[in-house]
Amino acid sequence: MRAFSQLLDGLVYTRSRNGKLALIAAYMRAAPDPDRGWALAALTGNLDLKAVKASVIGEMIRARVDPVLFEMSRDYVGDLAETVALLWPRAHDEPAELDDGSLSLSGVIDRLHNVSRAAAPDALAQMMDHLDASGRFALLKLATGGLRVGISARLAKTGFAQAFGLDVDDVEQVWHALAPPYAALFDWAEGRSPRPDPEGTPYFRPFMLAHPLEADSVDLADYAAEWKWDGIRIQIVGTGPKHGGETRLYSRGGDDITGSFPEIAQAFTGHAVLDGELLVKGEFQGGEAASFNALQQRLGRKAVSAKMMADYPAFVRLYDLLIEGDDDLRALPWEQRRTRLEAYMAQLSPDRFDLSAVIDAPDFEALADIRAGARDAAIEGIMLKRRDSPYVAGRKAALWYKWKRDPLTADCVMMYAQRGHGKRSSFYSDYTFGCWTADGELLPVGKAYSGFTDEELKWLDRFVRQNTVARFGPVREVEKTLVLEVAFDSIHDSKRHKSGLAMRFPRIARIRKDKPAAEADRIEGLKRLVS
Amino acid sequence: MAHWIEPHPTGIYVRPADAWIDPSQPQERALVTHGHADHARGGHGHVWATRETLAIMALRYGTASGTAVGYGEEIRLGGVTIRYVPAGHVLGSAQIILDHAGERVVVTGDYKRRPDPTCLPFEPVPCDIFVTEATFGLPVFHHPDTGSEMDRLLHALHANPDRCVLVGAYALGKAQRVICELRARGHHDPIYIHGALERMCALYADFGVDMGKLRGATGVPAKEMRGAIVLAPPSALNDRWSRRLPDPIAAMASGWMRVRQRARQRNVELPLVISDHADWDELTDTIREVAPSETWITHGREEALLHWCMTHQYRARALALVGREDEEDG
Ligand SMILES: [Zn+2]
Ligand SMILES: [Zn+2]
């Protein structure tokens, strides 16, 4: 148990992605079977024991520790499992707190799987006595089914792949054919058996991505143009009735987001793999795709209420058809896949699925005009796809381009600054900026932490330090004298901000040392840009 | 009882001696337990403290006028017999034992019960009034064995030969203790120190604390510090100062590191639970040991300790002393 609890601690404290991957990889190489398989299940969210409720843990500790001291401790620590792990009284003959090594992760999981509701508290208490604070924390998190270590399933799989020199996409392909503790996966990873057969399971295929368009134009005889929608790119994978009718939704990173959008998964029963953009219908857009803000209401939620689904109904605008039935179409030219996709639409529910339209333009100039005129909130720009391009993983030169809408800009005044993360943690690199109201008050309109060069960052950091007027924890308020030209993709109404506005993708375009703060833009001006 | 000793928000006043213990404002006559800034202030008229504490105050405030009191030596001020007894907290730290009118008061200042190679161990003194600190006065605070924490530090160091381990440690006490603990475990490589630690380390060395080879980290090329331990005050951990170091692993030696959120707030990757204060069990065991008829709790999380005293039949009160919440001193 100690190796696992140390891994969890390491993942909590390690900031960098590479650091986290290295920790997972080292654990996967060193830990015995089947412990490491269970650990992989826990890290990828495929282990949900729920042997006891949080309230039971509360009762257990109140029976052992003065309830007043427990409440004071919980107020200070915050997390229930951590409070209990730290408070758990040691056996009388044991002065030091230690993990005596008598419990293995798989032993713990077996016990939690098989224990009855009534016997769970005693079983848990017995195990707690053999662990140190880290071990008790891990145990309580496993037992309550609340293990959250701030990493995605994809990251855990990447760490596993790294441990054995595998490609994470190959791991992904076999993943759904396997179940914890993944003995067949480790056998394959360590060369003891061939790769498990993923046939009939809803596994993730890596996305095809686009390069930003840098050339002045492309020939529309070679390239088809499509809108680039501002939602979440997703992949729909359905096994069809023949293989149990399972459907999964994957994000661009390969994370399974089926749980956040159950209505989409339920509406798809086919045997196919599709690429599309997940959007929500906004009432203000007359049932058309709403802005990204609306979609954010649905993101990152494990359980979705009926009200969420009703208020922010999701649908998918389809871009591509990768696999239909047993036919893998990925090697075919885009034009042929497009024809197959258009035909495929007939069997899909129009409530949940529509087709991303191809833009009809006689030449590139006309296309540029169409792009300039687009003010739909859900349009991020234009995609240019080579008509003969196969569907290949990653970014391949000259096949697909994204041609984003020109950013909007505003001159804003810096108001607050905060330290950045990681390499930038010693710099004030996150800036909150505002614009003027008609009454001459400055109200925040956004926050940016990119767009500047290293040199500019140094200059901005110095400006913040020399012009601080107040501090609130990690945040510094600065003299309202510096004008920043902020570029953003779009701006929306927002109830969360006092200014009533929220920018999408704001970044610092230029530092306007030349411009007096009083001449920065006004809120009314920004309101005219709302899409 | 004991009307001759009075708690005030700015310190404890000993009426017959006309002297203040650890006053937070300048006073004519001050009895100082130890050199941390929340106990030892500058600007007093005359200070009674251990030789080491006087030297630390001289370094920090240039205090001129003081009487050095040796451990165990008895002095008399206005009919009060006063003794300084080791508190085990930092170099020169003392509990102040006051006897008057047949009553004994013990003021611990800050103290700990774990061994510390840089100072003498805490001596429990039975008393009538026990004036205790409560920095880690919550039962979640249990300091693990120092050895296991040092092992984790050395393990991280050896596992990352291309990086350095940057340990945040309070400049007075913790830094020198960590260095000595490393030496005791056979780590004899040069240890690099932040400029803010240099004078205090030199003072410790003057008092005979052997810390082996120390080097100033400022101006040293990053390459040279690969695989080395670097010590800095906690405030430098996330500061631009640390940018000069070779891919530092941020560690922090403090009792606060027991709680995840506290370590994460500081962006610490390697939290080391090493404290110069008593943990919960040590606070309560010490009260049992000195068996006072009354306990006064000066600073920290006094509420929980007060509750414990009440439920264990110890009379107790919490003193609301000002300026005593120094989180760096953990
Ligand atoms: Zn102290
Ligand atoms: Zn103190």
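In which strand of chain A is S429(A) found? In this predicted model, the residue belongs to β14, which covers residues 428-436 of chain A. S429(A) has a relative accessible area of 0% and is buried. Leaving aside residues up to four places away in sequence, S429(A) touches Q418(A), R419(A), G420(A), R424(A), A448(A), Y449(A), F452(A) and L457(A).

**Where the chains meet**

Contact between the chains involves 27 residues of chain B and 29 residues of chain A. The size of an interface is often given as the accessible area lost when the parts come together. For chains B and A the buried area is about 2700 Å², with 53% of it on carbon and sulfur atoms. Between the two chains there are 11 residue pairs in polar contact, both residues being at pLDDT 80 or more. On chain B, the elements that give two or more residues to the side touching chain A are α5 (260-265), α6 (280-290) and α7 (302-311). That side of chain B has 11 nonpolar, five polar and 11 charged residues.

**Salt bridges**

Side chains of opposite charge can pair when their charged atoms come close. Over all chains the structure holds 50 salt bridges, and four salt bridges lie between chain B and chain A. The table lists some of the pairs.

| E82(A) | R260(B) | 3.8 Å |

D354(A) is partly exposed, at 23% relative accessibility, whereas R317(A) is buried, with a relative accessible area of 7%.

R177(B) is in helix α3 (residues 174-184) and D276(B) is in the loop between β17 (270-272) and α6, so the pair links distant parts of the chain, 99 residues apart. R177(B) is buried at a relative accessible area of 1%, and D276(B) is buried at 2%. Elsewhere, salt bridges that share partners join D33(A), R36(A), D187(A), E190(A) and R192(A) into one network.

**The zinc site in chain B**

Which residues coordinate the zinc ion (ligand 2)? The donors come from D38(B), H39(B), D110(B) and H299(B), at 2.2 to 2.7 Å. Their spacing in sequence is D-H-x70-D-x188-H. D110(B) also bridges this ion and the zinc ion (ligand 1), and the two ions lie 3.8 Å apart. D38(B) lies in the loop between β4 (29-31) and β5 (46-49) and H299(B) in strand β18 (residues 294-300), so the pair ties together parts that are 261 residues apart in sequence. D38(B) counts as buried at 4% relative accessibility, and H299(B) is buried with a relative accessible area of 5%.

**A helix of chain B**

Helix α1 of chain B covers residues 51-61, and its buried residues are E52(B), T53(B), L54(B), I56(B) and M57(B). What covers them includes β5, β6 (66-68) and α4 (195-206) of chain B. Just after this helix, G62(B) takes a positive phi of about 65 degrees.

How values were computed
Residues are numbered from 1 along each chain as its sequence is written. Chains are lettered from A and ligands numbered from 1 in the order in which they are written. This is a predicted model: local features need pLDDT of at least 70, side-chain atom pairs count only at pLDDT 80 or more; totals for chains, interfaces and linings use all residues. Side-chain values use heavy atoms; hydrogens and water are left out. Contact means heavy atoms within 4.5 Å. Buried area is the accessible area (1.4 Å probe) that two parts lose on being put together, summed over both. A salt bridge is a side-chain nitrogen of Lys or Arg within 4 Å of a carboxyl oxygen of Asp or Glu. A polar contact is a pair of N or O atoms within 3.5 Å; within protein, one must be able to donate a hydrogen and the other to accept it, and residues adjacent in sequence count only if both atoms are side-chain atoms. Helices (H or I, at least four residues) and strands (E, at least two) are DSSP runs, numbered from the N terminus. Ala, Val, Leu, Ile, Met, Phe, Trp, Tyr, Cys and Pro count as nonpolar, Asp, Glu, Lys and Arg as charged, and the others, Gly among them, as polar. Donors are N, O and S atoms within 2.8 Å of the metal (3.2 Å for Na, K and Ca); water is not among the atoms, so sites may look incomplete. Buried means under 20% relative accessible area, exposed over 50%, partly exposed in between (1.4 Å probe, protein chains only).
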